[in-house]
Amino acid sequence: MDVRRGTEADLSDICRIQRSVPEAAQWDPSGYELWVAEHQARIVGFLAWRATAPDEAEILNLAVEPAFRRQGVASLLVRALLHASPPESFFLEVRESNRAARALYRKLKFEEVGARFGYYSNPPETGIVMRLQS
């Protein structure tokens, strides 16, 4: 598995992955910083993020094709981002019901620090705010 910075040429594959993962945020990833995971030259996962302050960043979306889940792809993507862009704090929101994602982030040392009620729609749900402090 290879992880690299994403490019504009990867956007169609990222959109394909978003459509295959209903719990992933469904939005236009162009204009954000991207990392992609490739298996045999096929993009199988992505991570979108943005800097929010000089010492702070936010993970906006992380998704892996269903056939490649539980193989460490999401962890590889997060670790690549943390290694390449080490601001003091990373934040993210995750659906309260997404137990697998919350467990992954806790394994990567993120802590639950708050809740945003009604943050998600379709279906409406609380967003759990998580932070990794270096």
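**Notebook: sheet, helices, cores**

I started at alanine 57, which sits opposite phenylalanine 90 in β5. I'm working with a predicted model, where local features need pLDDT of at least 70, side-chain atom pairs count only at pLDDT 80 or more, and totals for chains, interfaces and linings use all residues. Numbering runs from 1 along each chain as its sequence is written, and side-chain values use heavy atoms, with hydrogens and water left out.

Next I looked up the strands (DSSP runs of E, at least two residues; helices are H or I, at least four; both numbered from the N terminus). β4 (residues 56-64) and β5 (residues 89-95) run parallel, joined by three bridges; a pair needs at least two bridges by DSSP.

I then traced the whole sheet: it is open, with seven strands in the order β1-β2-β3-β4-β5-β7-β6 and mixed pairing. β1 (2-5) and β6 (111-120) are at the edges with a single partner strand each, so one side of each has no neighbour in the sheet.

On to helix α3 (residues 99-107): it lies across β4, β5, β6 and β7, at about 160 degrees to β5. Angles run from 0 to 180 degrees between N-to-C directions, with axes fitted to C-alpha atoms, for helices over the stretch in contact.

Last, I checked the cores (buried Ala, Val, Leu, Ile, Met, Phe, Trp, Tyr and Cys joined through side-chain atoms within 4.5 Å; buried means under 20% relative accessible area, 1.4 Å probe, protein chains only). The largest nonpolar core has 28 residues, and Tyr105 is among those with the most contacts inside it. α2 contributes the most to this core, seven residues.

Methods
Contact means heavy atoms within 4.5 Å. Buried means under 20% relative accessible area, exposed over 50%, partly exposed in between (1.4 Å probe, protein chains only).
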